[in-house]
Amino acid sequence: MILIIIKIALDSILIHKLRSFLTVLGIIIGVSSVIIMVAIGNGAKLEIEKQISSIGSNLIIILPGATSSGGVRFGAGTQMTLTIQDAEALKKESPYIEDTSFSIHEVLQIVYKNMNWSSLVRGTNTSFFRIQEWELERGRFFNEDDIKSGNRVAVIGSTVVKNLFGLEDPIDKTIRIKKLPFKVIGVLKEKGTSPRGEDQDDVILVPYTTAQRNLFGNVLLDRVRVIYVKARSFNDLFLAENDIKLILRQRHKIQKNQEDDFSVRNITQFLQARQESSRVMTFLLGAIASISLIVGGIGIMNIMLVSVTERTKEIGIRMAVGATTYHIQIQFLIEAILLSIVGSILGILLGIAGALISDIVFHFKAIISFDSIIISLFLTMIVGVVFGFYPAYKASLLDPIEALRYE
Amino acid sequence: MSLIKIHNLKKVYKMGEEFIYALNDISLEIQKNEFVSIMGPSGSGKTTFLSIVGCLDQATEGEYYLDDILIKNLSKNQLAKIRNQKIGFVFQKFYLLPRLTALENVELPLIYANVPKRERIEKAKFYLSLVGLESRMHHFPNQLSGGQQQRVAIARALVNQAPIILADEPTGNLDTKTSNDIMELFVRLHRENHITIILVTHERDIAKFSKRIIYFQDGKILKEKRV
């Protein structure tokens with residue numbers, strides 16, 4: 001029974017190919033835009049997530065400076081007011097801070113055999129790897145022993161490997177920084193560019209003790225260029241930021257009316273806000289696309305109403321040979337549902353194609369979500385039922401004798 | 001026992017302030033296995049009468065018993081079932097579905113009776129061959145002549161083994177020779193298959209194939225003649 005009705009419905013869809021296509025165009029556009037929008041939204045979300053994890057989660061950066069001297073205000077980082085002890089004190093004194101690290105750095109020339117490369121050399125502690133969530137490609141990080149004894153060991157980023165070693169294995173090779181030999185003990189996994197567009201892999205990490213003694217002799221002892229703070233959780237970020245200000249002002253003996261001699265940057269919060277806004281955008285775009293689905297449904301209802309009128313005589317004949325209201329209703333309902341399913345399948349194909357084009361041709365990261373396909377398929381079924389119901393109901397209400405006489 | 005019993009049947013239409021009596025107080029009995037013709041000028045109410053007998057339309061007043069069932073206050077779906085099981089229609093303009101083949105058209109009443117596919121096709125083929133169209137069953141209506149289309153319609157009317165055939169000017173669109181062929185088919189079905197036939201026509205030559213002729217005028221029975 002149901003198979004025959006489906007056949008009847010398919011038949012009447014196929015007999016008016018162009019009309020059926022135009023009818024489902026709304027559905028096609030609706031479904032494909034839902035899929036494309038959600039895919040692009042997911043892509044943006046993933047991109048931001050990648051950036052967040054590349055700089056380390058729940059990260060706060062403290063830069064020295066922003067001091068004024070004689071009315072002239074210097075930019076952040078121009079004066080080295082932060083110390084290693086500041087970093088240690090923050091970790092000890094604030095309950096919201098999980099860990100701290102710091103860095104003394106400068107761009108220096110590195111030499112390996114006949115190759116040379118200029119890269120950011122950072123002297124830091126072992127917490128640095130955890131806070132910035134670095135992983136190893138090969139070898140090992142330096143440890144507390146290396147720091148205590150001031151070993152000349154280095155962990156290098158992938159960009160450095162590429163430029164100095166090519167295809168050679170860098171582990172246990174000796175590079176020269178400021179003419180001093182350093183043994184390469186580890187290679188970092190690639191991270192890519194930072195949210196600010198810097199190559200994070202163009203880096204060489206050495207124990208800060210070694211750096212102080214051998215590389216940055218011109219820098220005052222224990223002064224650092226930056227402190228990294230990892231808050232215990234995302235919710236603690238704001239509290240940690242407050243604590244940092246209190247503790248550092250106290251340690252630096254800053255009077256009430258004086259400005260901070262450091263500046264605090266809450267990068268995670270900034271990125272989370274971006275993520276939130278991209279989530280809202282995705283939701284909004286998805287919602288707008290869903291509205292076009294509803295508009296598509298109205299298109300189906302419109303054509304179904306026309307179809308009912310056009311086929312009044314057919315309905316009359318069917319009723320004359322014994323079709324009940326149920327038979328007529330189900331016939332038109334199935335036709336509407338079938339139309340919307342055909343539309344949604346075409347829409348899904350178009351949506352996938354659109355998402356792939358945006359990904360490949362426009363490099364607009366798009367991740368097709370299986371959920372959005374299922375949801376839009378389900379939604380169009382509902383649209384078919386809802387907007388097919390009224391025309392089907394109208395058809396079933398026809399009086400057999402009037403339907404038969406309809407010309 | 002009467003197959004059809006009708007008492008004081010009225011059908012009234014309201015046109016503005018005026019009431020028009022399409023049927024005005026018709027009383028009539030038709031027995032099983034009768035072949036009845038209803039004649040009358042156009043507007044005499046004969047088609048309205050046939051529609052009410054066929055449960056396509058409802059009377060305004062009066063009683064109509066079909067097989068001792070009172071056809072009044074029945075739901076739409078109950079009426080549909082009666083049309084499906086007890087009545088076969090043959091119309092002047094054939095009323096075949098153009099997108100279906102002859103076979104599929106004949107199957108239609110069986111589909112609504114929920115008959116399984118294999119049985120449906122068997123029955124439809126049987127009745128198509130009964131009307132002499134077994135060689136045309138996969139043709140579409142527009143590939144058939146008028147007479148052939150009417151034969152398909154007759155097969156469709158018979159296929160559910162309905163005891164009654166209601167034919168509304170079945171030869172109205174056919175030439176004389178084809179008309180005679182169709183009428184001979186009716187006579188044969190009446191004689192051999194014991195089908196009750198009620199035929200509406202305004203042609204004396206067609207009516208004379210039947211055994212009882214009822215004349216309608218202005219919604220009333222004018223006279224009756226038995227052959």
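**Contact between the chains**

In this predicted model, 18 residues of chain A are in contact with 20 residues of chain B, two residues being in contact if their C-beta atoms, placed from the backbone, lie within 7 Å. On the side of chain A that touches chain B, at least two residues come from each of α1 (2-15), α10 (312-320), α11 and α13 (400-405). Helices here are DSSP runs of H or I with at least four residues, strands are runs of E with at least two, and both are numbered from the N terminus. The most is given by α10(A), with 4 residues. By class, this side of chain A has 12 nonpolar, 4 polar and 2 charged residues. Ala, Val, Leu, Ile, Met, Phe, Trp, Tyr, Cys and Pro count as nonpolar, Asp, Glu, Lys and Arg as charged, and the others, Gly among them, as polar.

**Basis of the description**

Residues are numbered from 1 along each chain as its sequence is written, and chains are lettered from A and ligands numbered from 1 in the order in which they are written. Because the model is predicted, local features need pLDDT of at least 70 and side-chain atom pairs count only at pLDDT 80 or more, while totals for chains, interfaces and linings use all residues.

**Chain A**

Chain A is divided into domain 1 (2-51 + 274-405) and domain 2 (103-222), with bounds from an automatic or database domain assignment. The C-alpha centres of these two domains lie 58 Å apart.

Helices α11 (residues 325-360) and α12 (residues 370-397) of chain A pack at an angle of about 150°, with their axes 7 Å apart. Axes are lines fitted to C-alpha atoms, for helices over the stretch in contact, and angles run from 0 to 180 degrees between N-to-C directions. The two helices are therefore roughly antiparallel, a term for angles over 145 degrees. The residues of their contact divide into 19 nonpolar, 10 polar and no charged.

**Strands of chain B**

An open sheet of 6 strands in chain B has the order β6-β7-β8-β3-β9-β10, with mixed pairing. Strands β6 (87-90) and β10 (220-226) of chain B stand at the edges with a single partner strand each, so one side of each is left without a neighbour in the sheet. Within this sheet, β3 (residues 35-39) and β9 (residues 212-217) of chain B pair in the parallel sense over 4 bridges; two strands pair if DSSP finds at least two bridges between them. B:S37 stands opposite B:I213 in β9(B).

Strands β1 (residues 2-15) and β2 (residues 18-31) of chain B pair in the antiparallel sense over 11 bridges. Their hairpin has 2 residues between the strands, and B:G16 takes a positive phi near 65° there.

Terms used
Parallel < 35°, antiparallel > 145°, perpendicular 65-115°, else oblique.
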